[in-house]
Amino acid sequence: NVVLNENTPQLPLNAYGASKRAVEDILKDFGAAYGLRSVIFRYFNVAGADPEAEVGEFHRPETHLVPLVLDAIDGKRDA
């Protein structure tokens, strides 16, 4: 198991991770300079789970906010 928290060093391995890190740094710098408060959502496993559910997330039942909101917008569940 890998344990990550807010104190874990962030060392992006690809351009996607580096761009997310850059935006976080910009938000922190802008906050320090101008008092902008922000919230950073860090998503894990954007590609989805293993079909056999041996690794990754399992979404039955779905509990994540973004897919629930999108399903409600699409009429697949009550809002």
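This dialogue walks through a predicted model, feature by feature.

Student: Where do I start? How many helices and strands are there in the protein?

Tutor: Start with the secondary structure. The protein has 2 helices and 0 strands. Helix α1 covers residues 15–34. Helix α2 covers residues 65–73.

Student: What should I look for at the start of α1?

Tutor: Look for a side chain that reaches a backbone nitrogen. Here a side-chain oxygen of N14 comes to within 3.2 Å of the backbone nitrogen of Y16.

Student: And which residue takes a positive phi just after α1?

Tutor: G35 does, with a phi of about 80°.

Student: Now burial. What share of the protein's residues count as buried?

Tutor: Of the 79 residues, 4% count as buried. The accessible surface of the protein is about 7,300 Å². Carbon and sulfur atoms hold 59% of that surface.

Student: Take E24. Is E24 buried or exposed?

Tutor: Check the relative accessibility against the cut-off. Buried means under 20%. E24 is at 7%, so it counts as buried. E24 sits in helix α1.

Student: Which residues is E24 in contact with, leaving aside its neighbours within four places in sequence?

Tutor: Three are listed: Q10, I40 and R42.

Student: R21 is also in α1. What does R21 touch, not counting residues up to four places away in sequence?

Tutor: R21 touches Q10 and P12.

Student: On to charges. How many salt bridges does the count come to?

Tutor: The count comes to 3 salt bridges.

Student: Which residue forms a salt bridge with R21?

Tutor: D25 does, and the closest N and O atoms are 3.2 Å apart. Both residues lie in helix α1, 4 residues apart, about one turn of the helix. D25 has a relative accessible area of 27%, so it is partly exposed. R21, at 28%, is partly exposed as well.

Student: What is the distance between the closest N and O atoms of D71 and R77?

Tutor: The distance is 3.8 Å in that salt bridge. D71 is partly exposed at 23% relative accessibility. R77 is partly exposed at 37%.

Student: Which side chain meets K76 in a salt bridge?

Tutor: D74, at 3.4 Å from N to O. Now apply the cut-off: exposed means over 50%. K76 has a relative accessible area of 62%, so it is exposed. D74 is at 52%, so it is exposed too.

Student: How do I read a nonpolar patch? Which residues make the one here?

Tutor: Read the members, then the area. L65, V66, V69, L70 and I73 make a nonpolar surface patch of about 500 Å². Take I73 as one of its members. I73 is found in helix α2 and is exposed, at 69% relative accessibility.

Student: What about the loop between α1 and α2? Is R37 there buried or exposed?

Tutor: R37 is found in that loop. Its relative accessibility is 79%, so R37 counts as exposed. R37 and L27 are 10 residues apart in sequence, and their C-alpha atoms are 8.3 Å apart in space.

Student: Last, the segment before α1. How far is the backbone nitrogen of N5 from a polar atom of the side chain of T8?

Tutor: The distance is 2.9 Å. T8 lies in the segment before α1. T8 is partly exposed, with a relative accessible area of 24%.

Note on methods. Residues are numbered from 1 along each chain as its sequence is written. This is a predicted model: local features need pLDDT of at least 70, side-chain atom pairs count only at pLDDT 80 or more; totals for chains, interfaces and linings use all residues. Side-chain values use heavy atoms; hydrogens and water are left out. Contact means heavy atoms within 4.5 Å. Buried means under 20% relative accessible area, exposed over 50%, partly exposed in between (1.4 Å probe, protein chains only). Accessible areas come from the Shrake-Rupley method with a 1.4 Å probe; for residues, only the protein chains shown count as cover. Patches are made of residues with over 30% relative accessible area and no salt bridge: like charges are joined within 9 Å, nonpolar side chains (Val, Leu, Ile, Met, Phe, Trp, Tyr) within 5 Å. A salt bridge is a side-chain nitrogen of Lys or Arg within 4 Å of a carboxyl oxygen of Asp or Glu. A polar contact is a pair of N or O atoms within 3.5 Å; within protein, one must be able to donate a hydrogen and the other to accept it, and residues adjacent in sequence count only if both atoms are side-chain atoms.
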